[in-house]
Amino acid sequence: MKLISAIRKLISRKPLVMINIFGFMGEGKTNTAKYVAREFEDEFDIYYAQAPTPEEATSYIYSISGTRLLIILDDLSFIYHGHSEKLRIFENTLSRVRHITGAEKVILILIYHYFKSVVPFMRMAQIHILTSVSRNEFNTLKELFWYRYLKEFFKLYDAFIWEPEKFKKKGIDPDTTKPALMRALTRHSIVWIPLVTDYEFEENNKHIRKLKVPDVISLDEFIIKCVRAGLGYKQSIRLAREFEFKFRDEEFHKKWVYYSKSGTGNFKEEVILCAKA
């Protein structure tokens, strides 16, 4: 099964497809995301952010809206590991990404270096793509891939590096394509990813609707401020949900910044003033 056809089949039957791409540095993880983005650029609005913190990623998702979205969060290794409150808020945001953005279809791509360098919830994808492998990773990766496919990919990956001439004889150019191991639901396959040279995640790319994390007060900051004011975590979440769509309005952001940073009066009163403003 090929990567693009697997994504198309899943997104035609499901409202959200989550894809995890992981492997060594410089082994084509971002290139794989570019390949997917290029293939879907005429069908989906594409959003890309590199190495956002959980707080920035939460704010970024709340800034997005559209009917068909392809969201790529790159270089997430170890930033998303642990049990911080901001990370829990991001996980909650990720779990509600369709509801927050109002999208009918979402393709969500998360990119990191090591399978366990992010929290378990972020590893629960329908499609997993491994761009490189070493022997010392086998025990960990067996949780995700069947052992015989790991062995097959390990041999292929090793030969691809040390004996590229073998692939050239088969009509495969090692300079313009790379192998990866894909698991789509329960199905495993070796996929070949072309080197993408005609597509970049740049701000002037007409297909990239949002590149940088917006400079606004994020929803998780709102929740944390509520908790610190003594409102209680559950009450703060409920309050935040009431305001979440207002938080996507630029004018409301400006007013929230003004009231929350004024430092005068009771915080609860400031929130009410901000909501009514």
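Trainee: What are we looking at, and how is it numbered?
Mentor: This is a predicted model, with residues numbered from 1 along each chain as its sequence is written. Local features need pLDDT of at least 70 and side-chain atom pairs 80 or more, totals for chains, interfaces and linings use all residues, and side-chain values use heavy atoms, without hydrogens and water.

Trainee: Back to Arg-38. What does it form a salt bridge with?
Mentor: Arg-38 pairs with Asp-198, and the closest N and O atoms are 3.0 Å apart. A salt bridge is a side-chain nitrogen of Lys or Arg within 4 Å of a carboxyl oxygen of Asp or Glu.

Trainee: Where do those two sit?
Mentor: Arg-38 is in helix α2 (residues 29-40). Asp-198 is in the loop between β7 (187-194) and β8 (208-210). The pair links distant parts of the chain, 160 residues apart. Helices (H or I, at least four residues) and strands (E, at least two) are DSSP runs, numbered from the N terminus.

Trainee: And Asp-198, buried or exposed?
Mentor: Asp-198 counts as exposed because its relative accessibility is 57%.

Trainee: How many salt bridges does the structure hold?
Mentor: Eight. One of them joins Lys-166 and Glu-163, at 3.0 Å from N to O.

Trainee: Which residues are joined into one network?
Mentor: Arg-38, Glu-39 and Asp-198, through salt bridges that share partners.

Trainee: What about Lys-86, which residue is its salt-bridge partner?
Mentor: Glu-55, with the closest N and O atoms 3.2 Å apart. Lys-86 lies in helix α4 and Glu-55 in helix α3, so the pair ties together parts 31 residues apart in sequence. Both are partly exposed: Lys-86 has 35% relative accessibility, and Glu-55 has 23%.

Trainee: Why call α3 largely enclosed?
Mentor: Helix α3 (residues 54-62) is largely enclosed by the rest of the structure because seven of its nine residues are buried.

Trainee: Which ones?
Mentor: Pro-54, Ala-57, Thr-58, Ser-59, Tyr-60, Ile-61 and Tyr-62.

Trainee: Switching to α4. How accessible is Phe-90 there?
Mentor: Phe-90 is buried, at 0% relative accessible area. Its helix, α4, runs over residues 85-95.

Trainee: Now the strands. What does β5 pair with?
Mentor: Strand β5 (residues 127-130) pairs with strand β1 (residues 16-22) in the parallel sense, over four bridges. With strand β6 (residues 177-184), β5 pairs in the antiparallel sense, also over four bridges. Two strands pair if DSSP finds at least two bridges between them.

Trainee: Which residues face each other?
Mentor: Asn-20 has His-128 in β5 as its bridge partner. Leu-130 stands opposite Leu-181 in β6.

Trainee: Which way do the β5 side chains point?
Mentor: Ile-127 and Ile-129 point one way, His-128 and Leu-130 the other. All are buried.

Trainee: Last one, Trp-146. Where does it lie?
Mentor: In the loop between α6 (138-141) and α7 (147-162). Trp-146 is partly exposed, at 48% relative accessible area. Its C-alpha atom is 9.2 Å from that of Arg-183, 37 residues apart along the chain.

Definitions and conventions:
Buried < 20%, exposed > 50% of the residue type's maximum accessible area, 1.4 Å probe, protein only.
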